[in-house]
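Visitor: I have a model open and want to learn how to read it. Where do we start?

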Amino acid sequence: MKAFVFPGQGAQFVGMGKDLYDNNETAKEMFEKANEILGFRITDLMFAGTDEDLRQTAVTQPAIFLHSVILAKTMGDEFDPSMVAGHSLGEFSALVAAGALSFEDGLRLVSARAKAMQKACELNPSTMAAVLALPDEKVEEICAEIPGVVVCANYNCPGQLVISGEVEAIDAACEKLKAAGAKRALKLKVGGGFHSPCMEPARAELAEAIEHTEFHTPSVPVYQNVDALPHTDPAEIKANLVAQLTAPVRWTQSVKNMVADGATEFVEVGPGKVLQGLVAKIAPEAATSGRQ
């Protein structure tokens, strides 16, 4: 059984999607439709912008979503999942690819989510840090001891977590984690503390946008980040998308559950190869491949 997986923020690169735009008429039409919906030419920033342009949350998220979703659309019969999942933002790409959301509605939601998250970052300075080579339980224990907001945000693979929260709390946690034996506890170049209580101001905004969007039953189960379980019920999917903003991305658990449910091959659709690398560490017995 094949699981198709979709990357999240951080996979972007200048030039992403240009080959698709230049060589596929359907892709070109979808990119132009996106420019119209967003009210600016995101294609200019994707194809020929700067790294700095692409690092802005309000640009990054729709850019990665567009690359992934348009790529899936142009795969035709090659896109034949038994199940799908996406890492953080990638969950929206997975939902569109599985037919739970229209392309247009998915893009509007991703844009609304990105803007709400950017606003939340500006309200309360926050950040994230990668932690390598410590057990999950040890990282959780240390985070719980630190004053202020600091939580586990991304369970990426065994021995690789990302923590998220207020800047001072992250700094303090990094020192303690290194003292406890972490190979690395390094702050990331991100807009803010995603998947932590620091994103609370964005929740209400996203909840309202999701409430006014039509969701359908997906063609295959979608393994969602908040509980790592398969979902097909539109009401559950919507609630989980809202919760995802302040809850951790349980990627390790999602991949393990997909394998337990029969996945033998994981196909990453979108920019980069990050998820293929993570899957190889979580489930080395599974085959991995990608479409970029």
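**Reading the fold**

Guide: Start with a ring cluster: ring pairs link Phe4, Phe6 and Phe79. Rings of Phe, Tyr and Trp (its six-membered ring) pair if their centres lie within 6.5 Å; planes under 30 degrees apart count as stacked, over 60 as edge-to-face and the rest as tilted. In total, the structure holds 6 aromatic pairs.

Visitor: What are the ground rules for the numbers?

Guide: This is a predicted model, where local features need pLDDT of at least 70, side-chain atom pairs count only at pLDDT 80 or more, and totals for chains, interfaces and linings use all residues. Residues are numbered from 1 along each chain as its sequence is written, and side-chain values use heavy atoms, with hydrogens and water left out.

Visitor: Why is the pair of Tyr21 and Phe31 called tilted?

Guide: The ring centres of Tyr21 and Phe31 are 6.0 Å apart and the planes stand at 50 degrees, so the pair is tilted. Tyr21 sits in helix H1 (residues 18–23) and Phe31 in helix H2 (residues 25–38), 10 residues apart. Both Tyr21 and Phe31 are buried. Buried means under 20% relative accessible area, exposed over 50%, partly exposed in between (1.4 Å probe, protein chains only).

Visitor: Which kind of pair do Phe31 and Phe47 form?

Guide: Phe31 and Phe47 are edge-to-face, at 5.7 Å centre to centre with 80 degrees between the planes. This pair links helix H2 to helix H3 (residues 42–48), across 16 residues. Phe47 is buried, as is Phe31.

Visitor: How many helices and strands does the protein chain have?

Guide: The general idea is DSSP runs: helices (H or I, at least four residues) and strands (E, at least two), numbered from the N terminus. The protein chain has 13 helices and 10 strands.

Visitor: In what order do the strands of the 6-stranded sheet run?

Guide: Two strands pair if DSSP finds at least two bridges between them. Here the order is S8-S7-S2-S1-S9-S10, in an open sheet with mixed pairing. Strand S8 (230–231) and strand S10 (287–291) are the edges, each pairing on one side only.

Visitor: How do I follow the pairing around S1?

Guide: Take each neighbour in turn. Strand S1 (residues 2–6) runs parallel to strand S2 (residues 83–86), joined by 4 bridges. Ala3 has Met83 as its bridge partner in S2. S1 also runs parallel to S9, again through 4 bridges. There, Phe4 has Val267 as its bridge partner.

Visitor: How does the chain get from S9 to S10?

Guide: S9 and S10 are parallel, with 5 bridges. The chain passes from S9 through helix H13 (residues 274–282) to S10, a right-handed β-α-β crossover. Right-handed means that, with the strands pointing away from the viewer, the path from the first strand over the helix to the second runs clockwise.

Visitor: Which strands does helix H5 lie across?

Guide: Axes are lines fitted to C-alpha atoms, for helices over the stretch in contact, and angles run from 0 to 180 degrees between N-to-C directions. Helix H5 (residues 57–74) lies across S1, strand S9 (265–269) and S10, at about 120 degrees to S9. Helix H6 (residues 90–97) touches S1, S2 and strand S7 (222–223), and its direction makes about 150 degrees with that of S2. As for cover, 4 of the 5 residues of S9 are buried.

Visitor: Is Pro81 buried or exposed?

Guide: Pro81 lies in the loop between H5 and S2. Its relative accessibility is 17%, so Pro81 counts as buried. Contact means heavy atoms within 4.5 Å. Not counting residues up to four places away in sequence, Pro81 touches Lys2, Phe4 and Val220. Pro81 and Met1 are 80 residues apart in sequence, yet 7.6 Å apart in space, C-alpha to C-alpha.

Visitor: What is the pairing in the sheet of 4 strands?

Guide: That open sheet is antiparallel, in the order S4-S5-S3-S6. Its edges are strand S4 (150–157) and strand S6 (184–187). S4 and strand S5 (residues 160–166) share 6 bridges. Asn154 stands opposite Val162 in S5. Helix H8 (residues 136–145) packs on this sheet, touching strand S3 (126–132), S4 and S5.
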